[in-house]
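Please walk through this protein one region at a time, with the sequence and the 3D view side by side.

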Amino acid sequence: MIFYPVEEASMEYKLNRNSKVKEVYNNPIGYDILHKLLLQMNIREGFITNPVIGNMKLKTVSKLTKKTFGDGFVSTLLELLNSEKDIPKTDTGQTAPSWWKEAVFYQIYPRSFYDSNGDGIGDLEGIRRKLDYLKELGIDAIWLSPIYDSPNDDNGYDIRDYYKIMKEFGSLEDFDRLLLEVHNRDMKLIMDLVINHTSDEHPWFQDAVENENSKYKDYYLFRKSKNDNLPPNNWTSFFSGPAWNYYKQQDLWALHLFSKKQMDLNWDNENLRSEIYQMIQWWLKKGVDGFRLDVINYISKKEGLPDGNEAVGKLMGYYGIEHYFYGPKLHTYLKELKREAFAPYQAFTVGETPGVGMRMAQLLTADYRKELDMIFSFDHLETPGHVRFEDYQYDLNYLKKYMIDWMEHYGSSCWMSLFYENHDNPRMISKVNPDPAYREVIGKLLAMILLTLKGTPFIFQGQEIGAVNQEFHRVEDLKDVESINLYHELEGTLGKEAAFHKVLSGSRDHARTPMQWDASKGAGFTKGHPWIYMDEDFKEWNVKKQTEDRLSVLNFYRELIRLRKNTKALVYGEFEVLNRKKKNLFTYLRKSGEETYLVECNLSNRTIKRDKYGEDYKSVISNYSDKTDCLRPYEATLYRKLS
């Protein structure tokens, strides 16, 4: 049994220690937190939804878990739960059509896409030269990772000047030319918007640390020492160590949730918000079609920046996260952001929202709430009980369960983003099964699921040619600040070899190696020396070779995208799952009017018996060239029902 509220309303009462677990489950934050806990501990949902646990009072839970979570855990949980007054509406009506719901997006990591001048670094001119490739692939919208002026501590996610282009990538004139040619091909362009933090080299921050009375000091989160010259609180950075830098000249600490050069902005400052909105409008006036908003759910921090709960910190791996991952003014700021910056230009927005599950996502993206159009939720990227920096084999049965849940419960007022890869995660094929024998069929299987479910597909560069993790041999091969920091943190306890192996299992650099265009030196990416290490994979797996092979992963993507564009059922059609409980088999229907399509997927490397659906279903596209009575390893086929 799953608890769902009947309709959107403001909750009339506050949860307290006498509240029951099932009441927590009816709270949007509570629902997502409990799901996250179950996921991390690899415990089935039935553990919470059974009547015994569901009717247990929180004060009883507190007593039973005191040794594990301590006295303050339930109080911390209640405070967070009661911060949200709204609950999502019951699903009603039809989905409103929008261009971004019908589009196929393609994320470009500019540094690694195509180098036009031989310096080993991708650039805007390089992207412009490959627009016809993207158009032929069937791409409708391009998402560019940050191209702003930056010292590159975190590869552009540390912005020094929002109004300038990083010199390595080109100039504003190059950008204007790129944007014009994107639009000339009837495609759209969205930019990465990093407004939770700036570089410590941004003029605002520089003035704040150099001038005692600077107005920009309140643009950031400066605080005095707590005591004994310790940081103001126990919050930790996502990139290892404390989340605070000390500035001796002013005897102040400044908050950074990410690298030491990425300083968090104070969104409670009205003048800061105004400057952010002006900057966004500047880009929109140029003709940019929208933005992907980096860690946008972190912009609101709890007043006073209190210590994080010890139990939460140990459980999540980061201290303080409960005070900002769904902050007290998040909805207020997102509504203002939409109203002041995005709405006047009808700009599209998709938010990166780590830690946010389906129920909170409904409150962030429902069209009637006027906040974000879509969000990226990440709970499907690791299977239960696992984390990114862990060497394990991904079970696609979990992806099946996750997708069915979102397809059936997200609602018609919301629209899902569909993705497996981005610049922050290893390659999905390598996670599912690194055996080279299955590389091609897995790549096509993943494409089948991505492009036939209900939602907007996001393809990350290289995914369309079946890219896999790179074979880095030493820590010096890595460029990612997160990976390097983690390695140095672990080598003292694990030893160099084990630390390197652990870092490799989840390093973001796997997704950041150059796009493999052909088999020439430099993979056709550059005539110079690539900025990051490349192994020899490009000699066999590249765009040129796959373009010439009609059965390649690339041409499979092209055909599926073409089908999606010409098939209403694959975009707005109803979703109906078949064989819900049959392990390793993911079959579902997409239906719209008289159109019906059936998708049949084997999620394992084993042969399983094929179900019979009748002679009125005709195969349209498959990752195997012939049909047998059994589904072969990772087999995926799309059928059309004959009228």
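Helices (H or I, at least four residues) and strands (E, at least two) are DSSP runs, numbered from the N terminus. The structure is a predicted model, in which local features need pLDDT of at least 70 and side-chain atom pairs count only at pLDDT 80 or more, while totals for chains, interfaces and linings use all residues. Residues are numbered from 1 along each chain as its sequence is written, and side-chain values use heavy atoms, with hydrogens and water left out.

Let us begin with empty space. Rolling a probe the size of a water molecule over the atoms shows where empty space is left. On a 1 Å grid over the protein atoms alone, a cavity is a set of points where a 1.4 Å probe fits but cannot get out, whereas a pocket is an open set with protein on both sides within 12 Å along at least five of seven lines, and lining residues have an atom within 4 Å of a point. Grid points are joined across faces, edges and corners, and a volume is the space filled by probe spheres set on the points.

The second largest pocket has a volume of about 1,100 Å³. It is lined by 31 residues, of which R44, N397, Y398, K401 and Y402 are the closest to its centre. Both α2 and α17 (396–409) supply at least two residues of this lining, and α17 gives the largest share, ten residues.

How many cavities of 30 Å³ or more does a search of the whole structure find? The search finds five. The largest cavity holds about 110 Å³ of space, and of the 14 residues that line the largest cavity, R427, A467, T513, P514 and Q516 are the closest to its centre. Its lining has five nonpolar, six polar and three charged residues. The second largest cavity has a volume of about 60 Å³, and among the residues that line it are Y109, R111, N152 and F169. This lining comprises five nonpolar residues, four polar and one charged.

Charged side chains are the next topic. Side chains of opposite charge can pair when their charged atoms come close. A salt bridge is a side-chain nitrogen of Lys or Arg within 4 Å of a carboxyl oxygen of Asp or Glu, and the structure holds 53 salt bridges. To describe where the partners sit, residues are called buried under 20% relative accessible area, exposed over 50%, and partly exposed in between (1.4 Å probe, protein chains only).

K301 and D264 are joined by another salt bridge, their closest N and O atoms being 2.8 Å apart. This pair links distant parts of the chain, 37 residues apart, with K301 in the loop between β11 (290–293) and α14 (310–316) and D264 in strand β10 (residues 262–264). Both K301 and D264 are buried. In the salt bridge of K224 with D251, the closest N and O atoms are 4.0 Å apart. Here K224 is exposed, because its relative accessibility is 52%, while D251 is partly exposed, because its relative accessible area is 32%. Elsewhere, E125, R128, R129, D132, R177, E181 and R185 are linked in a network of salt bridges.

D186, in the loop between α11 (172–184) and β5 (188–193), has a positive phi near 60° in a residue other than glycine, and D186 counts as exposed because its relative accessibility is 65%. A523 is not a glycine either and has a positive phi of about 60°. A523 lies in the loop between α21 (496–506) and α22 (543–547), and it counts as buried because its relative accessibility is 0%.

Notes:
Ala, Val, Leu, Ile, Met, Phe, Trp, Tyr, Cys and Pro count as nonpolar, Asp, Glu, Lys and Arg as charged, and the others, Gly among them, as polar.
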